Amino acid sequence: MAAILDAMGPYVMQLIADMATEEVKMLLGISGDIEKLENNMESIKCFLADAERQRINEVRVQRWVQMLKNAMYDATDILDLCQIEADKQRESKGSSTDEKAPGCCRPLLSCLRNPVFAHKIGNRIKELNQRLDNIYKEAHKFNFVINLGSHPEQIMSTSEKMTSEFVESAIVGEKIERETRELAQMLTINGHHDIKVVAIVGTGGMGKTTLAQKIFNETTVQGHFKVKIWLSITQHFDEVELLRTAIEHAGGAHGGVQDKTLLSRKLTNTLSMGRFLLVHGTDHLKVVGMKIISKCGGLPLAIKVMGGLLSTKPRSEGDWEAVLKHHAWSVARLPKELDNAIYLSYEDLSPQLKQCFLYCSLFPKEFMSKEESLVVQDQQDDGGSKISHLLHLRTLSMYGSHDNVLIPKGFGQLKNLRTLYGFRVHLDKNGGTGWCSLEEIGPLSQLRELTLHGLENVPASSSAGMAMVSSKEHLDYLELHWSSSGFMGLRDETNKQQRQRVVEEVIEVLSPPSSIRHLSIEGYFGSRLPNWMMVPATCVFKSLRLLRMDKLCCCTQLPDGLCQLPSLESLAINDAPAIKSVGPEFQSPSSLPVGGGIVTTGSVVGFPNLATLRLAGLCEWEEWEWEEQGEDATVNAMAMPALKKLIIINCKLSCLPPGLASRRRHALREVLLYKLSNLTYIENFPSVVKLDVFDCPELRRISNLSKLQKIEISYCPNMEVLEGVPSLDSMEMEDGTMETVPEYVTTVRPRYLKLTCSKRLYESLLTGSSSEYDKISHIKSRTICAEDED
């Protein structure tokens with residue numbers, strides 16, 4: 001065998017060399033394929049406007065447009081894959097992309113450094129170019145009107161502008177003579193209002209301009225007005241030139257000024273010397289405008305939409321007539337919810353804006369995106385495309401009048417899906433209903449954001465495992481939702497324990513990937529949290545920044561691995577009534593993985609970047625073990641060194657632990673303590689500037705908060721001592737049962753006091769001479785009110 005290999009060696013080397021040469025040729029040829037791709041897309045763009053119009057009535061055109069859109073989505077996929085590959089290379093090598101290349105090209109150039117990827121993506125580009133060639137050829141079957149750009153400007157030449165000059169002998173007819181006399185008389189006879197506006201309206205070609213010319217040159221009109229101005233406002237008029245012309249006709253001089261403000265002022269001054277007659281052309285738009293309004297059928301929204309559309313058009317009769325005669329008014333196959341006027345405004349958009357509009361609007365049923373979206377409402381789809389056909393879907397939203405919105409089978413084929421909110425697990429009671437299960441999430445490897453609901457319906461961990469959540473390497477946002485209502489209603493203890501075992505197994509296999517940044521868990525009714533929240537498993541979640549856990553009805557202890565999350569900035573735990581104590585392991589990491597084993601250490605900082613901590617609804621929580629470290633320990637070794645805001649609501653703690661209320665804690669700025677029924681004192685928070693205390697009936701003392709600036713004390717009737725607060729600036733107190741001002745108010749000197757008390761105390765303070773008033777008289781800025789008046 002060795003001899004055979006030796007003999008074949010030169011041939012093998014030559015084969016490898018040939019393959020390498022072909023690979024280089026292929027890599028060099030990708031840029032040409034990309035250029036061809038751009039040219040193909042540009043060539044097809046000119047057909048889009050007419051294709052969009054025809055697809056309403058022509059099924060064949062609908063198919064062609066869909067083929068084109070699929071190709072466009074594939075082009076987007078290619079760019080996305082290039083970006084992902086470029087990111088991988090940058091992370092692995094610590095190198096940046098080619099900064100000299102144009103922004104859109106950098107990911108492509110960077111990712112081509114990987115020959116395997118370049119070969120794969122090059123083949124996709126070639127295949128896409130072939131498809132576009134075929135699409136381009138098929139376009140010629142439909143005789144599309146080619147749109148080569150915007151409408152050519154229709155600028156009137158000087159000889160085409162309306163003037164006040166006309167040939168009298170060319171005007172015949174008694175009617176125009178009569179109308180001239182009537183209008184001239186209307187203009188020259190002074191009435192109550194000397195300023196008159198006369199509009200001449202009518203269809204095009206009926207002689208409006210001729211009538212205006214005849215009136216302008218009428219003898220009585222000429223003698224009545226000292227100043228006479230004829231202005232012709234064409235489609236593309238210049239405001240500055242128009243003002244300068246008006247000034248000249250009025251007998252003034254503009255002096256070559258270009259500023260519109262100065263010219264307007266000059267024209268006003270020139271016309272203020274006496275009567276003037278100004279004739280200009282715009283009123284001819286009224287007739288066509290009224291016809292467009294009539295087309296809207298009295299629908300206010302349609303009229304508003306058409307007003308917006310016409311405001312983008314030149315103020316010319318031709319352009320407004322084009323809107324009036326637009327084919328969209330007669331399109332017969334529009335959905336009944338889509339008015340023709342609204343469709344016309346859509347039709348007027350560019351192809352790019354149409355796509356943006358359809359993406360943003362997400363019409364709930366049939367409007368214009370039915371080939372690219374699927375709406376499921378109350379377990380009924382809209383009769384549009386099936387899930388398996390929407391290969392380029394990026395975002396899917398499902399809603400209904402009930403909480404068990406179900407997803408059709410075939411969902412797993414949407415492999416490019418990035419965002420999925422509201423995926424509800426269906427409990428199949430009838431042996432198959434055509435709706436998909438949690439397993440179909442497995443192939444969705446491109447997911448970035450995912451929310452799962454109804455996880456109490458997952459029958460076993462094997463089903464949850466097929467969702468492959470932990471292998472979705474791009475996932476950075478995950479919500480896991482259970483409903484515990486059915487579980488809490490169970491009376492059979494054996495059944496309850498079985499249900500708990502299942503949910504505990506399910507949450508284990510729903511472990512998020514290491515890329516996760518935001519994690520939320522709600523309604524979980526297992527008695528313990530998963531092992532991936534314990535030491536040492538949490539070490540892999542280096543990117544997790546926000547963690548929220550709500551309604552943990554049966555959990556008896558908090559996990560010991562959260563403190564080792566290096567990037568965690570916000571932690572919120574709400575409604576965990578079974579927790580009675582929190583041990584030192586919660587905030588103090590006791591073990592870390594080293595090599596193949598575990599080493600115990602006390603030198604690692606717990607929660608190194610945690611800025612906000614919220615613990616609410618731990619209604620049976622009585623003890624928090626957290627000793628302050630010795631005087632010789634550094635500040636950096638203290639747990640939660642970056643903590644800025646602390647919120648504790650509804651628990652039975654009698655005091656805050658020394659490790660938290662430490663004289664060496666300098667980052668904490670804000671503390672909110674609500675409904676702590678057994679809390680007796682608050683002390684030793686040297687950096688806190690704001691303290692809110694609400695409904696703490698046993699609280700008696702607040703002391704040693706040297707930087708405290710604002711304090712709010714509400715419904716703490718046994719509070720006796722407030723001291724060590726030299727920086728206090730604002731103080732608010734509220735208790736509707738308060739009959740006397742607490743004595744501790746006399747020991748502090750805030751700049752401002754707001755006091756909400758009983759009506760009796762309020763009336764006593766109003767006198768300004770009572771003993772209760774003396775307690776607050778040293779505080780100059782005050783707001784006093786009774787509770788029922790606040």
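**Sheet, helix and cavity**

Tutor: Gladly! Keep in mind that this is a predicted model. To start, S703 stands opposite E723 in β23.

Student: How do you know that β21 and β23 pair?

Tutor: Strands pair when there are at least two bridges between them. Three bridges join β21, residues 701-703, to β23, and the two run parallel. Three bridges meet that cut-off, so β21 and β23 count as paired.

Student: What makes β19 and β23 edge strands?

Tutor: The open sheet has the order β19-β21-β23, with parallel pairing. β19 (681-683) and β23 (721-723) each have a single partner strand, so one side of each lacks a neighbour in the sheet. From one strand to the next, the twist averages 0°.

Student: Why are A302, M306, L309 and L310 of helix α11 called buried?

Tutor: Buried means under 20% relative accessible area. In α11, residues 300-310, the buried residues are A302, M306, L309 and L310, so each of them falls under that cut-off. They cover an arc of only 90° around the axis, which puts them on the same side of α11. P300 and K304, on the other side of α11, are exposed.

Student: What makes the lining of the largest cavity mostly nonpolar or mostly polar?

Tutor: Its residues divide into 10 nonpolar, one polar and no charged. Among those lining the largest cavity are W532, T538 and F541.

Key. Residues numbered from 1 in each chain as written. Predicted model: local features only at pLDDT ≥ 70, side-chain atom pairs only at ≥ 80, totals over all residues. Heavy atoms only, no water. Helix = DSSP H or I, 4+ residues; strand = E, 2+ residues; numbered from the N terminus. Axes fitted to C-alpha atoms, helices over the stretch in contact; angles between N-to-C directions. Buried < 20%, exposed > 50% of the residue type's maximum accessible area, 1.4 Å probe, protein only. Arc of directions from axis to C-beta. 1 Å grid on protein atoms, 1.4 Å probe; cavity = no way out; pocket = protein on both sides within 12 Å on 5 of 7 lines; lining within 4 Å. Nonpolar A, V, L, I, M, F, W, Y, C, P; charged D, E, K, R; others polar.
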